[in-house]
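Keep the sequence and the 3D view open while reading.

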Amino acid sequence: MVRAKERATAPARRLRLGLPKGSLQATTEKLLTLAGFDLRIRERSYYPDIDDPDIECVLIRAQEMARYVQQGVLDAGITGIDWVHENRARVKEVADLRAPWPNYGPVRWVVAVKEGSKIQRPADLAGKRIATEVVNLTKRYLRGHGVTNAQIEFSWGATEAKVAEGLVDAIVEVTETGSTIRAHGLRIVCELFESVPQLIANRAAWGVGWKREKVEQIGLLLAGALRAEAQVGLKMNVPAARLQEVIALLPAITAPTVSNLNATDWFAVESVIAEATVRDLIPRLLRAGAVGIIEYPLNKIVG
């Protein structure tokens with residue numbers, strides 16, 4: 001009876017997973033859904049519901065994620081690799097999650113100055129006042145270019161306006177295309193760092209068998225969903241006489257799957273291709289002899 005009671009009251013195992021609050025939040029929710037998780041973020045709640053009893057989700061700002069993962073407050077989390085380096089966090093980098101989605105593509109941290117500024121290269125920043133959110137990244141970059149006396153101050157926001165209004169000589173700001181920086185009348189001098197979203201893990205948690213396995217599972221599913229997002233499946237029937245002609249048109253991940261249709265000289269052909277190529281490929285397949293072409297979406301591509 002005592003042992004049964006102990007088992008009944010034993011705490012369930014939990015992996016604490018940090019999800020980024022703010023600009024990455026909606027895209028992260030989409031990614032987890034595509035990976036097969038039912039994630040529900042309730043309004044004004046910092047603890048999203050997820051249909052996995054081993055996972056407890058917590059919403060944390062991406063800028064702080066790496067610090068909490070390093071400290072072990074979180075076992076794993078999703079954040080930009082820029083914030084890992086800015087916080088000098090010693091964490092395990094598990095999976096690259098870059099995607100052609102809002103806020104999930106590569107972004108660049110750049111030095112920008114007002115049009116007309118005499119600053120043309122990193123060395124010209126010596127003795128200048130610079131505003132940025134990434135103070136440590138900026139100091140590290142400038143030291144690498146021999147600049148040790150720049151005045152680097154933390155910016156709480158509206159960073160572009162500070163250089164436009166002459167409050168500082170330069171800024172270090174994040175951008176995808178540079179269009180927002182140019183819209184403020186600024187010019188990019190140089191690029192410091194490129195960042196992409198990452199799944200990271202606490203190093204001690206990574207050493208715990210079931211936690212490592214769980215984080216690896218999450219990484220595998222997320223990466224598989226990302227790979228599938230830009231791919232589609234194609235099925236078609238092809239007469240034996242035209243089979244090689246059709247196969248030659250299919251850029252499969254490995255090779256198309258070909259199976260003989262029962263008691264006929266026709267074959268069923270199935271392949272996975274980039275969605276962007278479908279519009280041009282289907283007419284060519286029809287001309288090559290394929291019939292009954294079916295296009296279908298993919299959830300995940302794993303392995």
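## Terms and model

Two strands pair if DSSP finds at least two bridges between them. Strands (E, at least two residues) and helices (H or I, at least four) are DSSP runs, numbered from the N terminus. This is a predicted model: local features need pLDDT of at least 70, side-chain atom pairs count only at pLDDT 80 or more, and totals for chains, interfaces and linings use all residues. Residues are numbered from 1 along each chain as its sequence is written, and side-chain values use heavy atoms, without hydrogens and water.

## The sheet

The open sheet has five strands, ordered β4-β1-β5-β12-β6, with mixed pairing. β4 (55-61) and β6 (92-96) are the edge strands; each has a single partner strand, so one side of each lacks a neighbour in the sheet.

β6 runs antiparallel to β12 (residues 197-201), and four bridges join them. Here D96 stands opposite Q198 of β12.

## Helices across the sheet

Contact means heavy atoms within 4.5 Å. Helix α3 (residues 62-71) lies across β1 (15-21), β4, β5 (76-80) and β12. Helix α9 (residues 209-229) lies across β1, β4, β5, β6 and β12.

## D75

D75 sits in the loop between α3 and β5. D75 counts as buried because its relative accessibility is 7% (buried is under 20% relative accessible area, exposed over 50%, partly exposed in between; 1.4 Å probe, protein chains only).

A polar atom of the D75 side chain lies 2.8 Å from the backbone nitrogen of R16. Not counting residues up to four places away in sequence, D75 touches several residues, including L15, V69, I200 and K211.

Terms used
Axes fitted to C-alpha atoms, helices over the stretch in contact; angles between N-to-C directions. Polar contact = N/O pair within 3.5 Å; in protein donor to acceptor, adjacent residues only side chain to side chain.
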